Amino acid sequence: MIQKDITDLKIGVLGGGQLGRMMIQSAINYNLDISILDPDPHAPCAHLVENFQVGKLTDSNLVYEWGKQFDLITIEIENVSTEALKKLSSEGVSVFPQPEIIELIQDKRKQKEFYRSNNIPTANFVLTEGKDDVLKHIDRLPAVNKLGKEGYDGRGVQIIRDEGDLDKAFDKPGLLESLVDFEKELSVIVARNERGESKCFPVVELSFHPVHNLVEFLFAPAQVSSSIEEKAYQVAVDVIEKLDLIGLLAVEMFLTKDGQILVNEVAPRTHNSGHQTIEANLTSQFEQHIRAILNLPLGSTLATSPSAMVNLLGEDGFTGNAKYEGLKNCMAMEGVYVHLYGKKQTKPFRKMGHITILDSEIERLKEKAREIKQQLKVKA
Ligand SMILES: Nc1ncnc2c1ncn2[C@@H]1O[C@H](COP(=O)(O)OP(=O)(O)OP(=O)(O)O)[C@@H](O)[C@H]1O
Ligand SMILES: [Mg+2]
(Lines give C-alpha, C1' and ligand atoms only; values in the text may rest on other atoms or scores of the structure.)
(Ligands and ions follow the chains in the order given, each with its own letter.)
Protein backbone atom coordinates (compact mmCIF):
# COMPACT_ATOMS: atom_id res chain seq x y z
CA MET A 1 0.00 0.00 0.00
CA ILE A 2 1.16 3.49 -0.89
CA GLN A 3 2.19 5.75 2.00
CA LYS A 4 2.50 9.10 0.19
CA ASP A 5 -0.06 11.84 0.42
CA ILE A 6 -2.55 11.41 -2.44
CA THR A 7 -1.63 14.74 -4.03
CA ASP A 8 2.02 13.66 -4.22
CA LEU A 9 1.26 10.46 -6.11
CA LYS A 10 2.05 10.21 -9.78
CA ILE A 11 -0.90 8.43 -11.38
CA GLY A 12 -0.90 7.01 -14.92
CA VAL A 13 -4.07 6.12 -16.81
CA LEU A 14 -4.04 3.79 -19.82
CA GLY A 15 -6.57 5.16 -22.27
CA GLY A 16 -7.64 8.73 -22.94
CA GLY A 17 -11.22 8.35 -24.17
CA GLN A 18 -14.42 9.71 -22.64
CA LEU A 19 -14.07 7.54 -19.53
CA GLY A 20 -10.62 9.01 -18.88
CA ARG A 21 -11.99 12.47 -19.54
CA MET A 22 -14.71 12.12 -16.92
CA MET A 23 -12.21 10.57 -14.50
CA ILE A 24 -10.04 13.68 -14.88
CA GLN A 25 -13.04 15.86 -14.01
CA SER A 26 -13.27 14.03 -10.68
CA ALA A 27 -9.51 13.89 -10.13
CA ILE A 28 -9.32 17.69 -10.30
CA ASN A 29 -11.37 17.94 -7.11
CA TYR A 30 -8.65 16.07 -5.22
CA ASN A 31 -5.83 17.87 -7.02
CA LEU A 32 -4.45 14.55 -8.28
CA ASP A 33 -1.51 14.34 -10.66
CA ILE A 34 -2.83 12.38 -13.68
CA SER A 35 -0.93 11.40 -16.84
CA ILE A 36 -2.53 9.70 -19.85
CA LEU A 37 -1.36 7.29 -22.55
CA ASP A 38 -3.50 6.88 -25.67
CA PRO A 39 -2.77 6.00 -29.32
CA ASP A 40 -4.86 8.88 -30.68
CA PRO A 41 -3.34 12.40 -30.54
CA HIS A 42 -6.91 13.76 -30.77
CA ALA A 43 -8.33 11.54 -28.01
CA PRO A 44 -10.94 13.14 -25.68
CA CYS A 45 -8.24 13.55 -22.97
CA ALA A 46 -5.63 15.21 -25.21
CA HIS A 47 -4.72 18.68 -23.88
CA LEU A 48 -6.54 18.09 -20.60
CA VAL A 49 -3.47 16.89 -18.74
CA GLU A 50 0.10 18.14 -18.87
CA ASN A 51 1.45 14.68 -19.56
CA PHE A 52 -0.50 13.23 -22.44
CA GLN A 53 1.60 10.72 -24.34
CA VAL A 54 0.70 9.15 -27.66
CA GLY A 55 1.39 5.42 -27.83
CA LYS A 56 -0.14 2.01 -28.36
CA LEU A 57 -1.68 0.53 -25.22
CA THR A 58 -0.92 -3.04 -26.30
CA ASP A 59 2.77 -2.35 -26.95
CA SER A 60 4.43 -4.09 -24.04
CA ASN A 61 7.78 -2.24 -24.16
CA LEU A 62 6.16 1.13 -24.59
CA VAL A 63 3.67 0.61 -21.74
CA TYR A 64 6.46 -0.68 -19.49
CA GLU A 65 8.78 2.28 -20.21
CA TRP A 66 5.93 4.77 -19.80
CA GLY A 67 4.67 3.07 -16.65
CA LYS A 68 7.95 3.15 -14.70
CA GLN A 69 7.50 6.81 -13.71
CA PHE A 70 4.28 6.22 -11.74
CA ASP A 71 3.30 5.25 -8.20
CA LEU A 72 -0.10 4.01 -9.37
CA ILE A 73 -1.50 2.91 -12.73
CA THR A 74 -5.12 2.38 -13.69
CA ILE A 75 -7.10 1.84 -16.89
CA GLU A 76 -10.13 3.20 -18.70
CA ILE A 77 -10.10 0.42 -21.33
CA GLU A 78 -9.17 -3.24 -20.85
CA ASN A 79 -7.36 -3.82 -24.13
CA VAL A 80 -3.89 -3.02 -22.74
CA SER A 81 -0.61 -4.89 -22.35
CA THR A 82 -1.04 -6.92 -19.19
CA GLU A 83 2.48 -8.30 -19.67
CA ALA A 84 3.87 -4.80 -19.08
CA LEU A 85 1.51 -4.18 -16.16
CA LYS A 86 2.50 -7.45 -14.47
CA LYS A 87 6.16 -6.50 -14.76
CA LEU A 88 5.50 -3.02 -13.37
CA SER A 89 3.46 -4.47 -10.53
CA SER A 90 6.24 -6.93 -9.64
CA GLU A 91 8.64 -3.96 -9.49
CA GLY A 92 6.52 -2.08 -6.96
CA VAL A 93 4.13 0.05 -9.02
CA SER A 94 0.55 -0.28 -7.74
CA VAL A 95 -1.69 -1.41 -10.60
CA PHE A 96 -5.45 -1.36 -9.99
CA PRO A 97 -7.41 -3.21 -11.26
CA GLN A 98 -4.75 -5.91 -10.93
CA PRO A 99 -3.17 -7.03 -14.24
CA GLU A 100 -4.11 -10.70 -13.75
CA ILE A 101 -7.77 -9.71 -13.50
CA ILE A 102 -7.57 -7.48 -16.59
CA GLU A 103 -6.07 -10.45 -18.43
CA LEU A 104 -8.85 -12.78 -17.33
CA ILE A 105 -11.51 -10.30 -18.41
CA GLN A 106 -9.85 -9.59 -21.79
CA ASP A 107 -10.77 -13.12 -22.81
CA LYS A 108 -14.51 -13.91 -22.68
CA ARG A 109 -13.64 -17.62 -22.65
CA LYS A 110 -11.59 -17.31 -19.47
CA GLN A 111 -14.21 -15.01 -17.99
CA LYS A 112 -16.99 -17.55 -18.55
CA GLU A 113 -14.87 -20.39 -17.19
CA PHE A 114 -14.22 -18.30 -14.11
CA TYR A 115 -17.97 -17.93 -13.53
CA ARG A 116 -18.51 -21.65 -14.01
CA SER A 117 -15.78 -22.72 -11.62
CA ASN A 118 -16.77 -20.14 -8.99
CA ASN A 119 -20.51 -20.88 -8.97
CA ILE A 120 -21.45 -17.51 -10.38
CA PRO A 121 -24.75 -17.83 -12.27
CA THR A 122 -24.24 -17.39 -16.03
CA ALA A 123 -25.77 -18.73 -19.28
CA ASN A 124 -24.61 -22.25 -20.31
CA PHE A 125 -21.83 -22.34 -22.88
CA VAL A 126 -19.24 -24.41 -24.71
CA LEU A 127 -15.85 -23.19 -25.89
CA THR A 128 -15.33 -23.25 -29.66
CA GLU A 129 -12.03 -23.05 -31.53
CA GLY A 130 -13.43 -21.89 -34.88
CA LYS A 131 -16.35 -22.12 -37.29
CA ASP A 132 -16.11 -25.89 -37.75
CA ASP A 133 -16.51 -26.29 -34.05
CA VAL A 134 -19.60 -24.08 -34.00
CA LEU A 135 -21.12 -26.30 -36.72
CA LYS A 136 -20.84 -29.28 -34.38
CA HIS A 137 -23.31 -27.73 -31.96
CA ILE A 138 -26.47 -27.44 -34.07
CA ASP A 139 -28.33 -29.01 -31.16
CA ARG A 140 -27.60 -25.89 -29.06
CA LEU A 141 -29.31 -23.43 -31.42
CA PRO A 142 -30.61 -20.79 -31.05
CA ALA A 143 -27.39 -19.57 -29.44
CA VAL A 144 -25.06 -16.60 -29.16
CA ASN A 145 -21.61 -16.92 -30.66
CA LYS A 146 -18.97 -14.69 -29.04
CA LEU A 147 -15.39 -14.01 -29.94
CA GLY A 148 -12.97 -14.73 -27.12
CA LYS A 149 -10.94 -11.56 -27.58
CA GLU A 150 -11.29 -8.00 -28.76
CA GLY A 151 -15.04 -7.85 -29.26
CA TYR A 152 -16.58 -4.69 -27.85
CA ASP A 153 -19.79 -2.68 -28.29
CA GLY A 154 -21.43 -5.86 -29.58
CA ARG A 155 -18.97 -6.31 -32.44
CA GLY A 156 -17.79 -9.72 -31.29
CA VAL A 157 -21.30 -11.05 -30.67
CA GLN A 158 -23.65 -12.77 -33.12
CA ILE A 159 -26.95 -14.52 -32.70
CA ILE A 160 -27.11 -17.87 -34.50
CA ARG A 161 -30.81 -18.73 -34.63
CA ASP A 162 -30.81 -21.72 -36.94
CA GLU A 163 -28.69 -23.68 -39.39
CA GLY A 164 -29.11 -20.94 -41.99
CA ASP A 165 -27.09 -18.56 -39.75
CA LEU A 166 -24.21 -20.97 -39.24
CA ASP A 167 -22.40 -19.74 -42.31
CA LYS A 168 -21.70 -16.34 -40.75
CA ALA A 169 -20.18 -17.83 -37.57
CA PHE A 170 -16.84 -16.32 -36.47
CA ASP A 171 -13.84 -18.44 -37.38
CA LYS A 172 -11.73 -17.69 -34.31
CA PRO A 173 -11.58 -19.04 -30.77
CA GLY A 174 -14.77 -18.12 -28.99
CA LEU A 175 -17.72 -19.58 -27.18
CA LEU A 176 -21.26 -20.60 -27.96
CA GLU A 177 -23.74 -19.56 -25.29
CA SER A 178 -27.45 -20.25 -24.78
CA LEU A 179 -29.65 -17.45 -26.06
CA VAL A 180 -31.23 -15.98 -22.93
CA ASP A 181 -34.86 -14.97 -23.31
CA PHE A 182 -34.43 -12.16 -20.81
CA GLU A 183 -36.98 -9.91 -19.19
CA LYS A 184 -34.48 -7.09 -18.77
CA GLU A 185 -30.80 -6.28 -18.93
CA LEU A 186 -29.49 -4.90 -15.67
CA SER A 187 -26.17 -3.53 -14.52
CA VAL A 188 -24.63 -3.04 -11.12
CA ILE A 189 -21.40 -1.12 -10.66
CA VAL A 190 -19.56 -2.17 -7.54
CA ALA A 191 -16.42 -0.68 -6.02
CA ARG A 192 -13.90 -2.26 -3.67
CA ASN A 193 -10.82 -0.84 -1.98
CA GLU A 194 -7.72 -2.47 -0.50
CA ARG A 195 -9.22 -2.78 2.94
CA GLY A 196 -11.97 -4.93 1.42
CA GLU A 197 -14.79 -2.40 1.75
CA SER A 198 -17.24 -2.75 -1.15
CA LYS A 199 -20.21 -0.67 -2.24
CA CYS A 200 -22.75 -1.04 -5.06
CA PHE A 201 -24.39 1.70 -7.09
CA PRO A 202 -28.15 1.29 -7.45
CA VAL A 203 -29.09 -1.30 -10.08
CA VAL A 204 -29.92 0.21 -13.46
CA GLU A 205 -31.84 -1.15 -16.43
CA LEU A 206 -30.60 -0.86 -19.97
CA SER A 207 -32.24 -1.00 -23.31
CA PHE A 208 -30.04 -1.70 -26.30
CA HIS A 209 -30.30 -0.61 -29.92
CA PRO A 210 -31.86 -3.65 -31.60
CA VAL A 211 -29.29 -3.78 -34.41
CA HIS A 212 -26.15 -2.04 -33.20
CA ASN A 213 -25.99 -3.49 -29.71
CA LEU A 214 -25.19 -0.15 -28.05
CA VAL A 215 -27.00 1.13 -24.97
CA GLU A 216 -29.84 3.35 -26.21
CA PHE A 217 -31.52 4.22 -22.92
CA LEU A 218 -30.64 3.65 -19.32
CA PHE A 219 -33.00 4.08 -16.38
CA ALA A 220 -32.00 4.26 -12.76
CA PRO A 221 -33.15 2.80 -10.52
CA ALA A 222 -34.27 -0.27 -12.46
CA GLN A 223 -37.96 -1.04 -12.13
CA VAL A 224 -37.58 -4.41 -10.44
CA SER A 225 -38.79 -5.88 -7.15
CA SER A 226 -36.68 -5.36 -4.06
CA SER A 227 -35.86 -9.07 -3.94
CA ILE A 228 -34.45 -8.95 -7.50
CA GLU A 229 -32.54 -5.83 -6.57
CA GLU A 230 -31.08 -7.56 -3.53
CA LYS A 231 -30.12 -10.59 -5.63
CA ALA A 232 -28.36 -8.34 -8.17
CA TYR A 233 -26.27 -6.70 -5.41
CA GLN A 234 -25.37 -10.08 -3.92
CA VAL A 235 -24.17 -11.33 -7.30
CA ALA A 236 -22.13 -8.16 -7.97
CA VAL A 237 -20.41 -8.29 -4.57
CA ASP A 238 -19.82 -12.02 -4.95
CA VAL A 239 -18.08 -11.48 -8.31
CA ILE A 240 -15.84 -8.62 -7.13
CA GLU A 241 -14.86 -10.56 -4.00
CA LYS A 242 -14.16 -13.79 -5.87
CA LEU A 243 -12.05 -11.87 -8.36
CA ASP A 244 -10.41 -10.09 -5.39
CA LEU A 245 -10.51 -6.92 -7.51
CA ILE A 246 -9.48 -3.48 -6.28
CA GLY A 247 -11.23 -0.74 -8.22
CA LEU A 248 -14.54 -0.61 -10.00
CA LEU A 249 -16.39 -3.50 -11.61
CA ALA A 250 -19.40 -3.10 -13.88
CA VAL A 251 -21.45 -6.28 -13.81
CA GLU A 252 -23.80 -6.70 -16.78
CA MET A 253 -26.63 -9.08 -15.99
CA PHE A 254 -29.72 -10.66 -17.49
CA LEU A 255 -32.91 -10.88 -15.48
CA THR A 256 -34.65 -13.97 -16.83
CA LYS A 257 -38.42 -14.29 -17.09
CA ASP A 258 -38.41 -16.67 -14.12
CA GLY A 259 -36.60 -14.19 -11.87
CA GLN A 260 -33.03 -15.47 -12.13
CA ILE A 261 -30.01 -13.21 -12.36
CA LEU A 262 -27.33 -14.40 -14.82
CA VAL A 263 -24.02 -12.59 -15.23
CA ASN A 264 -23.43 -11.69 -18.88
CA GLU A 265 -20.02 -10.08 -18.64
CA VAL A 266 -18.03 -7.68 -16.49
CA ALA A 267 -15.82 -4.66 -17.13
CA PRO A 268 -13.10 -3.82 -14.56
CA ARG A 269 -13.49 -0.04 -14.87
CA THR A 270 -15.93 2.84 -15.15
CA HIS A 271 -18.74 1.99 -17.54
CA ASN A 272 -21.38 3.40 -19.82
CA SER A 273 -24.04 2.15 -17.41
CA GLY A 274 -22.78 4.51 -14.69
CA HIS A 275 -22.64 7.88 -16.44
CA GLN A 276 -25.84 9.10 -14.79
CA THR A 277 -24.14 8.85 -11.37
CA ILE A 278 -22.36 12.16 -12.12
CA GLU A 279 -25.59 14.06 -11.55
CA ALA A 280 -27.91 11.53 -9.90
CA ASN A 281 -25.84 10.09 -7.03
CA LEU A 282 -23.96 11.53 -4.08
CA THR A 283 -20.74 10.03 -5.48
CA SER A 284 -20.12 9.48 -9.19
CA GLN A 285 -18.64 6.26 -10.57
CA PHE A 286 -15.55 8.25 -11.61
CA GLU A 287 -14.95 9.56 -8.12
CA GLN A 288 -15.67 6.11 -6.67
CA HIS A 289 -13.07 4.55 -8.96
CA ILE A 290 -10.48 7.03 -7.70
CA ARG A 291 -11.47 6.42 -4.08
CA ALA A 292 -11.24 2.65 -4.56
CA ILE A 293 -7.79 2.57 -6.19
CA LEU A 294 -6.36 5.07 -3.67
CA ASN A 295 -7.75 3.05 -0.73
CA LEU A 296 -9.85 6.01 0.41
CA PRO A 297 -13.24 5.56 2.11
CA LEU A 298 -15.82 4.71 -0.58
CA GLY A 299 -18.43 7.41 -1.12
CA SER A 300 -22.16 7.04 -0.60
CA THR A 301 -23.84 5.74 -3.76
CA LEU A 302 -27.25 7.06 -2.74
CA ALA A 303 -29.35 8.33 -5.67
CA THR A 304 -30.79 11.79 -5.12
CA SER A 305 -33.27 11.45 -8.02
CA PRO A 306 -34.48 8.93 -10.58
CA SER A 307 -32.45 9.38 -13.75
CA ALA A 308 -32.14 8.37 -17.38
CA MET A 309 -29.15 8.39 -19.72
CA VAL A 310 -29.18 8.58 -23.48
CA ASN A 311 -26.03 7.88 -25.50
CA LEU A 312 -25.41 10.47 -28.16
CA LEU A 313 -24.32 8.37 -31.12
CA GLY A 314 -23.12 9.49 -34.55
CA GLU A 315 -26.10 9.45 -36.91
CA ASP A 316 -26.08 6.68 -39.49
CA GLY A 317 -24.96 7.96 -42.89
CA PHE A 318 -22.80 10.83 -41.62
CA THR A 319 -19.00 10.85 -41.42
CA GLY A 320 -16.88 13.98 -40.92
CA ASN A 321 -16.70 17.05 -38.67
CA ALA A 322 -19.36 16.65 -35.99
CA LYS A 323 -22.31 19.04 -35.83
CA TYR A 324 -24.85 18.83 -33.04
CA GLU A 325 -28.49 19.30 -34.01
CA GLY A 326 -31.20 20.05 -31.43
CA LEU A 327 -28.85 20.72 -28.53
CA LYS A 328 -30.48 23.99 -27.43
CA ASN A 329 -33.99 22.53 -27.39
CA CYS A 330 -32.81 19.72 -25.15
CA MET A 331 -30.96 22.09 -22.83
CA ALA A 332 -34.15 24.11 -22.41
CA MET A 333 -35.76 21.09 -20.69
CA GLU A 334 -35.54 20.93 -16.91
CA GLY A 335 -33.02 18.51 -15.44
CA VAL A 336 -31.16 17.80 -18.69
CA TYR A 337 -27.34 17.61 -18.59
CA VAL A 338 -25.27 17.49 -21.75
CA HIS A 339 -21.86 15.78 -21.99
CA LEU A 340 -19.90 16.09 -25.23
CA TYR A 341 -16.74 14.02 -25.45
CA GLY A 342 -14.73 16.36 -27.67
CA LYS A 343 -14.43 13.99 -30.64
CA LYS A 344 -14.07 16.14 -33.76
CA GLN A 345 -15.00 13.42 -36.23
CA THR A 346 -18.33 11.67 -36.19
CA LYS A 347 -19.09 8.36 -37.85
CA PRO A 348 -22.14 6.08 -37.73
CA PHE A 349 -22.84 4.96 -34.13
CA ARG A 350 -19.65 6.43 -32.68
CA LYS A 351 -20.18 7.41 -29.03
CA MET A 352 -19.96 11.22 -29.24
CA GLY A 353 -21.49 12.14 -25.90
CA HIS A 354 -24.33 11.37 -23.53
CA ILE A 355 -27.24 13.15 -21.92
CA THR A 356 -28.38 12.63 -18.35
CA ILE A 357 -31.93 13.46 -17.35
CA LEU A 358 -33.19 13.83 -13.80
CA ASP A 359 -36.88 13.82 -12.97
CA SER A 360 -38.76 12.74 -9.88
CA GLU A 361 -41.69 11.59 -12.08
CA ILE A 362 -40.80 8.29 -13.85
CA GLU A 363 -43.24 8.70 -16.76
CA ARG A 364 -42.03 12.25 -17.42
CA LEU A 365 -38.43 11.04 -17.21
CA LYS A 366 -39.09 8.40 -19.89
CA GLU A 367 -40.93 10.90 -22.06
CA LYS A 368 -38.00 13.36 -21.88
CA ALA A 369 -35.53 10.58 -22.72
CA ARG A 370 -37.55 9.60 -25.80
CA GLU A 371 -37.86 13.22 -26.89
CA ILE A 372 -34.13 13.82 -26.54
CA LYS A 373 -33.43 10.67 -28.51
CA GLN A 374 -35.64 12.02 -31.31
CA GLN A 375 -34.44 15.62 -31.33
CA LEU A 376 -30.73 15.36 -30.75
CA LYS A 377 -28.64 14.25 -33.72
CA VAL A 378 -24.93 14.22 -34.48
CA LYS A 379 -24.38 14.85 -38.18
CA ALA A 380 -21.50 15.99 -40.33
N1 LIG B 1 -26.57 -15.19 -24.15
C2 LIG B 1 -27.22 -14.11 -24.60
N3 LIG B 1 -28.56 -14.16 -24.79
C4 LIG B 1 -29.25 -13.09 -25.26
N5 LIG B 1 -28.68 -11.93 -25.58
C6 LIG B 1 -27.36 -11.80 -25.43
C7 LIG B 1 -26.55 -12.90 -24.93
N8 LIG B 1 -25.27 -12.47 -24.87
C9 LIG B 1 -25.27 -11.19 -25.33
N10 LIG B 1 -26.51 -10.77 -25.66
C11 LIG B 1 -26.89 -9.44 -26.17
O12 LIG B 1 -25.80 -8.84 -26.84
C13 LIG B 1 -25.34 -7.68 -26.12
C14 LIG B 1 -23.81 -7.56 -26.23
O15 LIG B 1 -23.22 -8.72 -25.64
P16 LIG B 1 -21.93 -8.58 -24.73
O17 LIG B 1 -22.20 -7.63 -23.64
O18 LIG B 1 -21.50 -9.94 -24.34
O19 LIG B 1 -20.92 -8.01 -25.82
P20 LIG B 1 -19.91 -6.81 -25.86
O21 LIG B 1 -19.50 -6.66 -27.28
O22 LIG B 1 -18.83 -7.04 -24.89
O23 LIG B 1 -20.77 -5.61 -25.47
P24 LIG B 1 -20.48 -4.21 -24.83
O25 LIG B 1 -19.08 -3.81 -25.14
O26 LIG B 1 -21.51 -3.37 -25.52
O27 LIG B 1 -20.77 -4.40 -23.40
C28 LIG B 1 -25.86 -7.88 -24.72
O29 LIG B 1 -25.95 -6.67 -24.03
C30 LIG B 1 -27.21 -8.53 -25.01
O31 LIG B 1 -28.16 -7.56 -25.42
MG1 LIG C 1 -21.72 -6.02 -22.83
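Mentor: Two strands count as paired if DSSP finds at least two bridges between them. Keep that in mind as we walk through this predicted model. Strand 14 and strand 15 (residues 261-267) pass that test with 6 bridges, in the antiparallel sense.

Trainee: Which residue stands opposite L255 in strand 15?

Mentor: That would be I261. Strand 14 and strand 15 form a hairpin with 4 residues between the strands, and there G259 takes a positive phi near 80 degrees.

Trainee: How many bridges join strand 10 to strand 14?

Mentor: Strands of a sheet pair through backbone hydrogen bonds, either parallel or antiparallel. Here, strand 10 (residues 182-192) and strand 14 run antiparallel, with 10 bridges joining them. To find your place in that pair, look at I189, whose bridge partner in strand 14 is A250.

Trainee: Is strand 14 mostly covered or uncovered?

Mentor: Mostly covered: strand 14 (residues 247-256) has 10 residues, and 8 of them are buried. When you look along any regular strand, remember that side chains alternate between the two faces of the sheet.

Trainee: Let's go to the start of the chain. Why is strand 1 described as largely enclosed by the rest of the structure?

Mentor: A residue is called buried if 20 or more other C-beta atoms lie within 10 Å of its own. In strand 1 (residues 10-14), 4 of the 5 residues are buried, so the strand is largely enclosed by the rest of the structure. From strand 1 the chain passes through helix 1 (residues 18-29) to strand 2, a β-α-β crossover that is right-handed.

Trainee: In what sense do strand 1 and strand 2 pair?

Mentor: Strand 1 and strand 2 (residues 33-38) are parallel, with 5 bridges between them. One residue pair to pick out is K10 with its bridge partner D33 in strand 2. Strand 1 is also parallel to strand 4 (residues 72-75), to which 4 bridges join it. In that pairing, V13 stands opposite T74.

Trainee: How many bridges does strand 6 make with strand 9?

Mentor: Strand 6 and strand 9 (residues 174-178) share 4 bridges in the antiparallel sense. Within that pair, F125 stands opposite E177 in strand 9.

Trainee: Let's zoom out. How many helices and strands does the protein chain have?

Mentor: The secondary structure comes to 11 helices and 22 strands. The radius of gyration is 20 Å, close to the 21 Å that the globule rule gives for 380 residues, so the chain is as compact as a globular protein of that length. Its C-alpha trace spans about 60 × 50 × 45 Å along the principal axes, and 43% of the 380 residues count as buried.

Trainee: Which domains does the domain assignment give?

Mentor: The assignment gives domain 1 (6-95), domain 2 (124-178) and domain 3 (182-379). The centres of domain 2 and domain 3, taken over C-alpha atoms, are 27 Å apart.

Key
Residues are numbered from 1 along each chain as its sequence is written. Chains are lettered from A and ligands numbered from 1 in the order in which they are written. This is a predicted model: local features need pLDDT of at least 70, side-chain atom pairs count only at pLDDT 80 or more; totals for chains, interfaces and linings use all residues. A residue is buried if 20 or more other C-beta atoms lie within 10 Å of its own, exposed if 12 or fewer, and partly exposed in between; C-beta atoms are placed from the backbone. Helices (H or I, at least four residues) and strands (E, at least two) are DSSP runs, numbered from the N terminus. A crossover is right-handed if, with the strands pointing away from the viewer, the path from the first strand over the helix to the second runs clockwise. The radius of gyration is taken over C-alpha atoms; the globule rule is 2.2 Å times the number of residues to the power 0.38. Domain bounds come from an automatic or database domain assignment.
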